[in-house]
Amino acid sequence: MTLYDSIGSDYNSTRKPDSRIVEQLINLLELPTGSIVADVGAGTGNYSYALANLGYQVIAIEPSQVMQRQRQHHPQISWISAVAEQIPLPDNAVDGVLVMLALHHINGINLAIAEINRISRTGKIVIFAFEQSKIPDFWLTEYFPGFINDTLNTFPSTHELAQIIKNITHQTVDIIPFLLPTDLSDLFAASGWCRPEIYLDSQVRHGISTFAKISVNELNSGLKRLKTDIDHGIWHQKYGHLLEQKHYDAGYRILVTR
């Protein structure tokens, strides 16, 4: 059973595709509309749906039935229940591959990258990931220090990941920072960098896997301290300077083959 079988029952309520992310992913895929794109680790298919609405044929690959049951049906999306390490598609089956914040849920990254490369006819691979070394800099870890160990243990370094991709695909791999805007619609872990109150919402936390992994004691203690700091202006004293920024580098990175 995948982690999201237990925590992802209302995933779509807070994990809506952000149009700015979609635009950058499409620009990096460099594929004409009508092309076939595999969305590996598709979850509920929120980004699959966004690509399909823009004219792409999408094969959504996802092992969790809980996540799949929340999918929106679309005539240009087909679904496969499978893990990234064993994709039941023939060689060169798709024109390009997208992996959107899913690599940290994959056990065998080398095998998964080999499978992704095998099914990509053009060799085009776009991966939205996270640079784990940035996590200690994020203020949320003051309240929930378990985020640090979980991130370091589950996210590979983007430079290590780029080397793995290069070794397997024999292509150049670019690493492109994605700076977070103030109003992300996809409420992943650092989306509240200037909106601390969103983490007090259990619905938001249920869409962020790390919250399910920290202990109940740490969760309750962190929530209590965060609410107190927000209510008494302490958070603003420490981190209010962030409210003056239009973008924030939380560590999100897009890796793309060239």
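**Aromatic pairs and a helix crossing**

Both Trp 139 and Tyr 143 are buried. The model is predicted, so local features need pLDDT of at least 70 and side-chain atom pairs count only at pLDDT 80 or more. Residues are numbered from 1 along each chain, and side-chain values use heavy atoms.

Q: Why is Trp 235 called buried?
A: Its relative accessible area is 4%; buried means under 20%, exposed over 50% and partly exposed in between, with a 1.4 Å probe and protein chains only. Trp 235 is therefore buried.

Q: What makes Tyr 239 buried?
A: Tyr 239 has a relative accessible area of 16%, so Tyr 239 too counts as buried.

Q: Why is the pair of Trp 235 and Tyr 239 called tilted?
A: The ring centres lie 5.8 Å apart with the planes at 50°. Rings of Phe, Tyr and Trp (its six-membered ring) pair if their centres lie within 6.5 Å; planes under 30 degrees apart are stacked, over 60 edge-to-face and the rest tilted. The pair is therefore tilted.

Q: What makes the pair of Trp 139 and Tyr 143 edge-to-face?
A: The centres are 6.1 Å apart and the angle between the planes is 85°.

Q: Why is helix 5 called oblique to helix 8?
A: The axes of helix 5 (residues 109-119) and helix 8 (residues 158-169) come within 10 Å and cross at roughly 45°. Angles under 35 degrees are roughly parallel, over 145 roughly antiparallel, 65 to 115 roughly perpendicular and the rest oblique. Helix 5 is therefore oblique to helix 8.

Key: Axes are lines fitted to C-alpha atoms, for helices over the stretch in contact, and angles run from 0 to 180 degrees between N-to-C directions. Helices (H or I, at least four residues) and strands (E, at least two) are DSSP runs, numbered from the N terminus.
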